[in-house]
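Subject: Structure handover

Hello,

Here is the structure for your work. My notes on it follow below the display.

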Amino acid sequence: MASPLVSVQTAGRRVGERWVWRGLNLDVAPGDRLAVRGPSGAGKTVLLRALAGLDALDEGELLSEGGPVRSLPRHRAEVAYAAQRPALFDGTVEDNLRAPFALAVRDGQRYDAERARALLARLGRPADLLGQSVDGLSGGEAQTVGLMRALLTDPTVLLLDEPTAGLDPERAEAVEAVIADALRANARRAAVWTSHDAAQLDRVTDRSLDL
Ligand SMILES: Nc1ncnc2c1ncn2[C@@H]1O[C@H](COP(=O)(O)OP(=O)(O)OP(=O)(O)O)[C@@H](O)[C@H]1O
């Protein structure tokens with residue numbers, strides 16, 4: 001069997017004295033479509049951030065391709081976290097989309113402006129958004145930029161934190177379609193979703209982890 005792309009073993013994350021979750025085992029396999037379900041505060045975001053290597057586990061191990069993570073920058077380049085409220089740095093939208101390609105781990109990958117424009121259009125946003133400062137973005141626009149930033153880097157694992165929350169139905173449908181395309185483009189690519197829309201999770205995933 002192929003190695004899981006990313007795993008946690010006997011993993012725990014603590015906030016202060018309280019364990020958010022503990023003793024957690026999860027393998028994300030090539031081609032996986034996984035829903036992470038649980039009530040608000042169950043630790044879904046905390047888990048996605050841990051899988052992306054953005055926050056360290058307090059207990060247990062994060063694995064990449066079945067082995068220890070040797071390089072966090074490399075791991076993060078393969079396992080992309082698309083946040084509901086992404087951290088964007090001062091500058092334009094395009095500056096933010098371009099930034100990941102400046103990292104040494106992405107040597108050989110180039111920012112594709114045409115692809116960014118096409119993606120933006122598919123997501124129902126005007127082309128001039130690229131030149132706008134991130135300062136004035138609405139929550140939904142910022143979320144779109146975060147998703148685009150993740151998709152344009154062609155990660156192996158897409159961690160999608162409520163990717164359509166707060167979007168109108170038309171844009172939400174466009175987001176689902178764009179993600180479906182990204183998964184079709186690479187059979188190994190896996191997606192891990194959180195959503196408060198149970199019908200959406202039923203539609204786009206085929207197995208669940210309950211927190
Ligand atoms: N940086 C932090 N500082 C303090 N507490 C935190 C931090 N990050 C997460 N928590 C706490 O950890 C718990 C899990 O949070 P998390 O955001 O992962 O939940 P969630 O399942 O994604 O919830 P929701 O469905 O509301 O988005 C919550 O009790 C939250 O308050």
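Glutamate 65 sits in the loop that joins β4 and β5. The model is a predicted one, and in it this residue takes a positive phi of about 50°, although glutamate 65 is not a glycine. Most residues other than glycine have a negative phi. With 15 other C-beta atoms within 10 Å, glutamate 65 is classed as partly exposed.

Aspartate 154 is another non-glycine residue with a positive phi of about 50°. Its place is the loop between α5 (139–152) and β7. Aspartate 154 has 16 C-beta neighbours inside 10 Å and therefore counts as partly exposed.

Valine 8, for one, has leucine 26 in β2 as its bridge partner.

Ligand shell

Which element gives the most residues to the shell around the ligand? That is α1, with three residues. The residues around the ligand are Val15, Val20, Gly38, Ser40, Gly41, Ala42, Gly43, Lys44, Thr45 and Val46. Sorted by class, this shell holds four nonpolar, five polar and one charged residues.

Parallel sheet

There is also an open sheet of five strands with parallel pairing, in the order β6-β7-β8-β3-β9. Its edges are β6 (79–82) and β9 (207–210); each has a single partner strand, so one side of each is left without a neighbour in the sheet. Neighbouring strands here are turned against each other by 20° on average, with direction ignored.

Two of the pairings in this sheet involve β7. β6 and β7 pair in the parallel sense over four bridges, and alanine 82 has leucine 160 of β7 as its bridge partner. Strand β7 (residues 157–161) also pairs with strand β8 (residues 190–194), again in the parallel sense, over five bridges. In that pairing leucine 158 stands opposite alanine 191 of β8, and leucine 159 stands opposite valine 192 of β8.

Is β7 open to the outside or enclosed? Five of the five residues of β7 are buried, so the strand is largely enclosed by the rest of the structure. The cut-off behind this is 20 or more other C-beta atoms within 10 Å. Both faces of β7 are covered.

Exposed helix positions

Arginine 203 lies in helix α7 (residues 198–204). Arginine 203 counts as exposed because 11 C-beta neighbours lie inside 10 Å, and the limit for that class is 12 or fewer. Its C-alpha atom is separated by 22 Å from that of glycine 43, which is 160 residues apart from it along the chain. Glycine 43 is one of the residues around the ligand.

Alanine 121 lies in helix α4 (residues 113–122). Alanine 121 is exposed as well, with 12 other C-beta atoms within 10 Å. The C-alpha atoms of alanine 121 and alanine 104 are separated by 29 Å, and these two residues are 17 residues apart along the chain.

Record annotation

An unreviewed UniProt entry places the feature "domain: ABC transporter" at residues 6–211. In the model, the end C-alpha atoms of residues 6–211 lie 18 Å apart. The span is 33% helix and 25% strand.

Regards

Methods. Residues numbered from 1 in each chain as written. Predicted model: local features only at pLDDT ≥ 70, side-chain atom pairs only at ≥ 80, totals over all residues. Pairing = 2+ DSSP bridges. Axes fitted to C-alpha atoms, helices over the stretch in contact; angles between N-to-C directions. Near = placed C-beta within 6 Å. Nonpolar A, V, L, I, M, F, W, Y, C, P; charged D, E, K, R; others polar. UniProt positions renumbered as here; feature names shortened; annotations may be inferred.
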